[in-house]
Amino acid sequence: MTVIPSQETAMSQQAALEARDLSVVYPGSRGRGPARAVDGVNLRIGKGEIVALVGESGCGKSTLARALVGLVKPTSGQVLYQGAPLDYSAKALKQYRRHTQLVLQDPGGALNPKQNVYDAVALGPRLHKLTEGLPERVHQALARTGLRPPQDFAGRYPHELSGGQQQRVVIAGVLALDPRVIVADEPVASLDASVRGEILKLILQLRDELDLSALVVSHDLGLAWNIADRVAVMYLGRVVEQGTVEEVLLHPKHPYTKALLSVIPSGAEDWRPTLLTGEPPDPTAIPPGCRFHPRCHRWATASEKERAEAACDRRALPVLAADVSHAACHLLRSNAPTESV
Ligand SMILES: Nc1ncnc2c1ncn2[C@@H]1O[C@H](COP(=O)(O)OP(=O)(O)OP(=O)(O)O)[C@@H](O)[C@H]1O
Ligand code: SF4
Ligand SMILES: [Mg+2]
């Protein structure tokens with residue numbers, strides 16, 4: 001498999017969390033073949049950095065997130081935490097999960113309705129035998145998430161809290177373990193629009209105060225704009241474009257990124273979305289050549305000469321390295337951020 005080489009090898013040594021040529025293949029069932037949900041991903045989350053992972057439903061975002069926190073074992077490739085490959089022994093994983101915490105979409109589902117806020121936040125520390133000074137630890141975590149004074153919230157049950165407050169309790173439970181990395185899978189998707197901004201602001205604030213690193217998974221490119229330093233765009237198990245927020249969202253290079261961005265109303269009179277055509281992607285039947293070619297507007301409208309040269313329907317694309325801003329597309333003339341296709 002060809003990989004576009006990294007230009008900043010030294011940077012990868014600084015990564016808080018990294019996926020290296022990572023693949024997760026789910027076994028086939030009910031007459032369906034194996035699903036290559038994650039298929040050769042290189043992704044790097046630097047120390048103190050927030051990376052947004054975006055892409056449409058089913059592209060493998062949650063599978064990658066779960067592999068990064070050690071909940072799914074990769075079929076091949078590696079997860080590296082602070083430069084060291086993950087050890088999948090039960091003891092090492094337990095320790096790892098203290099440092100790298102997963103925040104899920106639905107706080108209601110994550111919280112036990114019979115457990116009050118104090119016990120919900122104390123759950124992780126108790127599991128890790130961090131019982132000395134537990135009340136202070138729990139109260140400090142609650143206060144950090146804006147649930148102040150913590151004593152007012154400690155005795156409440158989930159049904160006595162708003163959705164935004166519930167998500168703060170979930171995040172307090174994560175913070176009570178002093179994590180270094182948070183992997184948040186659609187952390188605001190189930191929340192009311194009015195509280196989404198507050199939770200995103202909280203994640204940003206925690207990064208600044210505690211120097212946390214975060215991977216934030218989202219369908220929503222607007223969320224990436226508000227919170228992330230860098231963006232990785234995923235399509236059918238692969239990262240197809242990555243770069244700083246400005247590079248990817250203001251100067252997208254990959255036709256898929258452009259299509260995702262084009263559906264956001266621009267306010268311009270001539271605004272026309274580039275609708276993605278064709279079947280939704282299926283990881284049990286990955287197309288040959290560029291896996292995006294059956295739905296690619298750029299390929300569909302390419303000249304005869306371009307089609308003959310690019311051969312997108314037959315010629316495989318290189319896998320992107322983790323540290324470089326670039327996109328994987330045969331019809332890009334250069335990887336310069338301002339290049340337009
Ligand atoms: N346990 C599993 N067994 C088999 N296939 C699975 C399993 N979990 C996920 N998949 C498949 O892997 C692909 C990626 O799923 P995943 O949940 O990672 O996508 P996603 O990008 O998070 O989607 P969404 O945005 O809808 O949450 C999908 O096609 C899904 O059907
Ligand atoms: S390689 Fe071809 S099919 Fe793939 S994104 Fe680029 S133009 Fe489209
Ligand atoms: Mg998901």
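How far does a polar side-chain atom of Ser62 lie from an oxygen atom of ligand 1? Select both and you'll find a gap of 2.8 Å. Keep in mind that this is a predicted model, where local features need pLDDT of at least 70, side-chain atom pairs count only at pLDDT 80 or more, and totals for chains, interfaces and linings use all residues. To find your way, residues are numbered from 1 along each chain as its sequence is written, chains are lettered from A and ligands numbered from 1 in the order in which they are written, and side-chain values use heavy atoms, leaving out hydrogens and water.

**Stop 1: ligand 1**

Stay here and click Ser57: an N or O atom in its side chain is 2.4 Å from an oxygen atom of ligand 1.

Next, show the 13 residues around the ligand (each has a heavy atom within 4 Å of it). Ser57, Gly58, Lys61, Ser62 and Thr63 come nearest. Helix H2, residues 61-68, gives the largest share of this shell, with three residues. Helices here are DSSP runs of H or I with at least four residues, and strands are E runs of at least two, numbered from the N terminus. Colour the shell by class and you get four nonpolar, six polar and three charged residues.

**Stop 2: strand S3**

Select residues 50-54, which make up S3. Five of its five residues are buried, meaning under 20% relative accessible area with a 1.4 Å probe, counting protein chains only. Ile50, Ala52 and Val54 point one way, while Val51 and Leu53 point the other. In a regular strand the side chains alternate between the two faces of the sheet.

S3 runs parallel to S8 (residues 213-218), joined by five bridges; strands pair if DSSP finds at least two bridges between them. Look for Ile50 with its partner Ala214 in S8. S9 (residues 230-235) also pairs with S3 in the parallel sense, over four bridges, and there Ala52 has Val231 as its bridge partner.

**Stop 3**

Which residue in S4 is the bridge partner of Leu17? Zoom in on Tyr81. Strands S1 (residues 15-26) and S4 (residues 76-81) run antiparallel, with five bridges. Tyr81 also stands opposite Ala84 in S5. Finish at Gln82, in the hairpin of S4 and S5, which takes a positive phi near 45°.

Methods: Buried means under 20% relative accessible area, exposed over 50%, partly exposed in between (1.4 Å probe, protein chains only). A polar contact is a pair of N or O atoms within 3.5 Å; within protein, one must be able to donate a hydrogen and the other to accept it, and residues adjacent in sequence count only if both atoms are side-chain atoms. Ala, Val, Leu, Ile, Met, Phe, Trp, Tyr, Cys and Pro count as nonpolar, Asp, Glu, Lys and Arg as charged, and the others, Gly among them, as polar.
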